[in-house]
Amino acid sequence: MMKKSWFVVHTKPVQEETVTMHLKHKGIETYAPKIETCAYNGLKKIIKTKSLFPNYLFAWCERKNVPQVCWTRGVKKVLWENNAPQPIADELILSLKSLTDHDGLIRPARRRAYRKHDLVLITSGPLKDIYALFDHWESDQERVCLLLNLLNAQIRVTVPAALVAVA
């Protein structure tokens, strides 16, 4: 029996789920890492799940089965090098899987190591592009309290942590 390897599959736009389903029917295991992101509409937090590598997934198969993968509906191509399908190291997939939570999603680290009076920049929302000083984390760990200097007065505001970056 030949050794199975991971191959990088380039899919047509937004076809990762379809390709995964078709390859599963062919008996080929796939891995399409997903990441949880959050966006803000004003101050309303919207959590979304999206592909870590849009239009790409990994297929676990023997080299002789790569043509089956190539001819699957929704696949553009399998990445090749020197006129042969190029497998990737198993360690890459293992390290990606090690980043996932119990539900298989990769979640970015939520809490930065801000210290009191660090200069930060508000990157989105009504206070966009305003510099402030970090004061403290709120109890829910998703919001930060900042000190703004506006009109010669120091004002304390609380904003979602995702809207703040190191200045």
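1. Glu 62 and Lys 64 form a salt bridge, with their closest N and O atoms 3.6 Å apart. The term salt bridge denotes a side-chain nitrogen of Lys or Arg within 4 Å of a carboxyl oxygen of Asp or Glu. Glu 62 is buried, at 8% relative accessibility, whereas Lys 64 is exposed, at 57%. Here buried means under 20% relative accessible area, exposed means over 50%, and partly exposed lies in between (1.4 Å probe, protein chains only).

2. The model is predicted: local features need pLDDT of at least 70, side-chain atom pairs count only at pLDDT 80 or more, and totals for chains, interfaces and linings use all residues. Residues are numbered from 1 along each chain as its sequence is written, and side-chain values use heavy atoms, with hydrogens and water left out.

3. How many salt bridges does a search of the whole structure find? The search finds four. As a general principle, side chains of opposite charge can pair when their charged atoms come close. One of the salt bridges joins Lys 116 and Asp 135, whose closest N and O atoms are 2.5 Å apart. Lys 116 lies in the loop between strand S10 (105-106) and strand S11 (119-122), and Asp 135 lies in strand S12 (residues 131-137), so this pair ties together parts that are 19 residues apart in sequence. Helices (H or I, at least four residues) and strands (E, at least two) are DSSP runs, numbered from the N terminus.

4. Asp 135 also meets Arg 156 in a salt bridge, at 3.1 Å from N to O. This pair links distant parts of the chain, since Asp 135 is in strand S12 and Arg 156 is in strand S14 (residues 153-160), 21 residues apart.

5. Which residues form a positive surface patch? They are Lys 12, Arg 73, Lys 76 and Lys 77. Such a patch is made of residues with over 30% relative accessible area and no salt bridge, with like charges joined within 9 Å (for nonpolar side chains, namely Val, Leu, Ile, Met, Phe, Trp and Tyr, the limit is within 5 Å). Arg 73 is found in the loop between helix H2 (66-70) and strand S6 (75-78), and this residue is exposed, with a relative accessible area of 63%.

6. A disulfide is a pair of cysteine sulfur atoms within 2.5 Å, and by this rule the count is zero. Cys 61 is in no disulfide, as its nearest cysteine sulfur, that of Cys 70, is 9.0 Å away. Cys 61 is buried, with a relative accessible area of 2%; Cys 145 is likewise buried, at 2%.

7. Is Val 19 buried or exposed? Val 19 is buried, with a relative accessible area of 0%, and its place is in helix H1 (residues 16-25). The C-alpha atoms of Val 19 and Val 69 are separated by 8.9 Å, although these residues are 50 apart along the chain.

8. Trp 80 lies in strand S7 (residues 80-81) and is partly exposed, with a relative accessible area of 47%. Its C-alpha atom is separated by 22 Å from that of Ser 95, 15 residues apart along the chain.

Definitions and conventions:
Areas by Shrake-Rupley, 256 points an atom, 1.4 Å probe, with all protein chains shown as cover. Lys, Arg positive; Asp, Glu negative; His and termini not counted. Charge placed at Lys NZ, Arg CZ, Asp CG, Glu CD.
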